[in-house]
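I opened my notebook to record what I looked up here.

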Amino acid sequence: MTERAAGTPRFRGRVRRPQVLVIGGGLAGMTAALAARRAGASVAVVAEGAGVLELASGCIDRLAVPLDSLPREHPYRLLGMSVVDEELAAFQRVMEEAGWPLVPGGPVDGGATDVGPAGAGCVDGGPACVITALGARRPTYLVAPGMAAPPPGDPIWVAGFRGLRDFHPAVVAAGLRGGDPSAPVTWGEIDLPGSPEDVHPVALARQLEDEDYRREVIERVRQIRPRELGEGATALFPAVLGLTGARAVQDAFAGALGMRVSEILLPPPSVPGLRLAEALRRAVHRAGADVAIGARAVEATVEDGRVRRVVTAGPGGRITYEADAYVLATGGLLGNGLTTEGRSVREPLFGLPVTVPEGELADARFLPEEGHAFVRIGVTVDGRLRPPGFSNLFVCGRTLAGYDPYAEGCGGGVAVATGGVAGAEAARLVAGAGGETR
Amino acid sequence: MLQAIVIGGGATGAGILRDLALRGVKAALVEQGDLVHGTSSRYHGLLHSGGRYAVKDPESARECAVENEIVRRIAPFAVEPCGGLFVRLEQDDPSYAERWVAACREAGIPVEEVDLDRLRREEPLLAESVREAYAVPDASVDGWRLVQGNVAAAEALGARVLTYRKVVGLLMDGSRVTGVRLRNVATGEEECLEAELVINAAGAWAGQIAAMASVPLNVVADRGVLLVYHGRLTSRVVNRLRKPGNGDIFVPTGSVTLLGTTATPVPDPDDISVPQEEVDELMRLGAEMLPMAATARILRAFAGVRPLFGSRSGGNTREISRGFVVIDHAAEHGVQGLISVAGGKLTTYRLMAEKVVDVAAAHLGVTAPCRTAEEPILPPPDPAAIQRLIHLVGRDRAQAVADRHPASLPEIAGAIDQPGGRQIVCECEQVTAGELIGTARQLGSPSLGDLRRRTRLGMGTCQGGFCGYRAALLLVREGIIEAEQVPSMLAGFQAERWRGVRGGLGGMELRAAELNYALARAQLAMEPLPAGKTVEMIELGGAGND
Amino acid sequence: MINEYDACLKCTVCEMHCPVLRVAPEFPGPKNGGPGLARLRAAGEVAELDNLDLCLGCRTCDTVCPSGIRPAELIAVPKIARVSRKGLRLREWILTHTSLVGPLAVRMPGLTNGVLANRPIRWTMQKVIGIDAHKPMPKYANYSFRSWFERRPSPWKDRPAPNGKVVYFHGCSVQFMEPHIGRHVVEVLEHNGFEVVLPRQKCCGLPLIANGDLTSAAGNGRYNLQHLREWAEQGIPIVVSSTSCSLTLKHDYQHLLGLDGADVVAEHVYDLSEFLMTCYEQGLLRTDFQPMHERLPYHQPCHQRAQGLGLPAVDLMNLIPGVESWNLDAGCCGSAGTYGFKQEKYEVSMKVGEAMRDALIAAGAPRAVSDCETCRWQMEYQAGVKAVHPITVLWEAYGLGDAAK
């Protein structure tokens, strides 16, 4: 509501005026907010809910397939890999400052998950890996604290907590062995205090942050720790070793066991994604951006290619944002930034044209190497991430067309790179328009 | 020495096996996949009142009316007596409606006109353009439970059932059929089984079986597509009151709603592909009756192949009678030891079985009368087991569990009563660990699909994205499978679930599809199916009617 | 209706954030208890799950769902159905009608507070009707807020307020228990050039909604809307100092109770901190604060977080020179209104609030801030840290306390 309230001469109602409005609070949106703040603009972030970031691995992927296999429309091609790597490095710095270091291959400071020089990681010196609940090695790039997989061939002991849902150390061990019965992989299980039957991973993670409870659990684990494993071995635990205080919990386990400790990614509800989402949110707060969750952007006013205002609606009411530049980071189909109407896919806020790849929406195989067409649906943009016909709108993350983050192993990288660029472009627009940055 | 071998583990075959067993015949059933692999699990699940045949095929209609009442009585565990409606839309011919009402009455089908205000209250999602509505005793029947119940009853009387055994040849002694040659689909091993009489109840494959004895049997494979909607859109079966055609029926079954169907003759009875045009056509037609069908979430789409018996092929397959025939090949073609049954529909399975077994009994010199119309298939659920279940999972869920496991309730209740037995594995359908373990122990070496077909694992909102993995872990914990088997079991389970999800993809389900794909790829790093393996080879089973 | 659960992906994001699931595994959780159960209920398969009532009503699940589902509303369906069939139980009736006791209690607060603090009486209450004996009842004041407001002379008798009128919806706790907060609200608003109007009003009805009695809540709602409507129609802002009241007026009246005219009023309802911060952004807020040099840890009430406003209270307090205020970000306090007073829920309530308690103690500040009264009472009870409303901090910073002396 921007008209003057009749009975109140000067109060304009729920109208806010950040310089940059970021629509969407996922990885791309938050990175855009950080970038815009770094460049000195005032930033507000609005988001409908939490979401895809929590569900993911808590690590940032870069690229798991050859670069030249990517099509022309791929966001990496739009930006160029040197820009992508710059943004990833910037993101790494921000998270380090926020107390949640994400490092290629794991930390090199001799911490609990030191696996040697950065990049020594996973398979033949390739990118870092995390271990999944099937015992598979899944490549990634920036690894969350305590999640780096030990190099193949290192002795591994998989430790489980009986009653923890969706985890069985035998299955992880079998996967890690990869059919080789002589592989140095063993496993064990303890009962948690109280022998609970059905433990929620987030509940257990929270409990392990309590010193007394943790001491008890560590003692039980120590009892069954195989004697013959030395410092060069790694103990793999399900990823429940704490929430925000995960590093301290991981270190406590590592110290008591005298082994490296690393975590195994679980199916949702999974803790590492939650940790990253919360760390990111703290970083954005620290940077001084305003974050409102629970407010879906429902209306946009555009005049001559300039976005004038965006209205969010939620239980708190309708709030009008009049910003100078806007970043659209609402996600793709999964994040609900692209919606379906009957059988067609739309971008509902600005009505941006949505590019749908030719041919069948989905491959007959569930996990085709080339990925699925429907995952690549999105909005097409120019090299500065602007959709056609708009001068102050930038699009980033899963809303963009042209990539399959799961098949290509590039989800985090695209979000961080396009988010960073979108945020910087938005701030540059603000500065260029003569708006003083604050 | 076996007296009879029944080929085909669908409704007809299972019904025949039970009837044989009740009449004291020593019999075995062989089935190429899991039970209910074929059409009986891949149709709309309607227990016909007969209304759909009243005008065009009054004899079928009459049969349906009678058998509907019988099936409800003998198989209450498999029937949801939701009732049915026929609704005429504004654009449908009112004179057809008149003829229909008269024809129903003629055929003995109870028909009652429903006042439109009451209709709007009870079925609020139906289109505004409904002009007339009639209630009939349609019901929704669960093909799996029906077949599993018949099989359990037959096994209790000494019959044998061999699944995952494909008939690759008939044993012949001159012009006499003496048995079957089977190939174990999982191991590739072949074995022979001999009997006095072979009964060909192979449904859409019946023609292929008959050809093994060089006998002609013209079974037309007619493929129909069905959509599975995520929620329950109607409380009753809703038919369109016009000449039977495509996309004219909604059948609620449990927590989902089926919309069907189409009719396309196909040369191959294994062709269960789902053409996009037929999906679109179904949505368009369905939306005429129920507008939300255009936008509501579609979980899956699947196809089933109807086995139609007709002496002419091609043309409009709806014109071929859905009545059935029993062919005594000795009389017809001079080939002894082989009887075939073709055509028909699930609602009249018991009648078909009766007619077949009458012919078989005559050959075998068995004089015991048929009792399948009177005898309930299974005894009522053990009250002690029910009480135990109520105590364990509450009254609501106790009924659901009892319906799912009518033949083995005490064992299932016992398994749920073990430590951890009450843990919910499939949250969408509230399937407990005890149900899965109890079922798995009865099967020996089950795939996740075998468990799904018996417990509804993975048939709800998440389509197995979360619960497939959890179920596999449970089987490892119970020592039913090895840890090393988990990746390939999961790959097969997910591939089969994907087949159905992909068929109906578009609309709201795209998000769920992306989530399951993301979890499999990025969170679990699940392996794809090994190259060269098909879903069938790993999953071994049907995927429909869920 | 089909749409309420159709979009749910079972993604578990709601479960990850649910404060009850973290401490009470017997709770089905927002995913299973909300859209999961709604779907099975529509199919006639399952009517209710055990322990659904452990839901705090914090609406965190509603806030974080990426699919637009409202699990908290769906979880409440069986409870609402039960209450509409059988009515409220005695204990729930007592806990939700404290505003009836109010007018009497403020006349004899000593007696009332004495009775409610008396241990044997509390143990009896626990045994007989299940109100937990541990948690102290909030104390009644010896005057009502309205009586104070109506007695004082208006500062705008001789000239119109430069910024016009605002309506103040005070809520039960200000009216009967903490009228001084109401005074702070009025004086800060007046200091900033607003004329405060106090229409007739009664309990917003949230305790009734939370306990499933939508019919009675609707009665309260209609009364409040009737008296607020004329002001809303003039575009006059309605500021609300209690965050549960503001959520109820903004959202529940429209979407849970479906009351006529609720949308018109909701458009003009503001959380107090939201309103003042918006005023600041529009250049309407005086910043003549005296420096305060204080660390002020802040606990955001769940019902304010559910409104998607950001952190206006923290931003406001940080305008005061020398103040360092930050959001503890430690989850729900666990009190959840009437919930924490119920015997079978007391343990869960305390466990839920442990993270906040620990964060509060670790903050090591002499006092803390929160806009919700039950949060403040829980902070004092669990962590032993005094808690004030953000408006009190502003009132102090403006030196309005000194003016009174």
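**Domains of chain A**

I looked up the domain assignment of chain A and found domain 1 (16-94 + 275-432) and domain 2 (107-268). Such bounds come from an automatic or database domain assignment. I was reading a predicted model, where local features need pLDDT of at least 70, side-chain atom pairs count only at pLDDT 80 or more, and totals for chains, interfaces and linings use all residues. Residues are numbered from 1 along each chain as its sequence is written, while chains are lettered from A and ligands numbered from 1 in the order in which they are written.

I noted 33 Å between the C-alpha centres of domain 1 and domain 2 of chain A. Then I checked contacts (C-beta atoms, placed from the backbone, within 7 Å). In chain A, 15 residues of domain 1 are in contact with 14 residues of domain 2.

Which elements give two or more residues to the side of domain 1 of chain A that touches domain 2 of chain A? I found α4 (81-97) and α9 (271-286) of chain A. Helices here are DSSP runs (H or I, at least four residues), numbered from the N terminus. The largest share of that side, three residues, comes from α9(A).

**Chain B against chain C**

I turned to chains B and C. Here 23 residues of chain B are in contact with 18 residues of chain C. On the chain B side, α10 (383-404) and α16 (509-523) each supply at least two residues. α10(B) gives the most, with four residues.

Note on methods. Contact = placed C-beta atoms within 7 Å.
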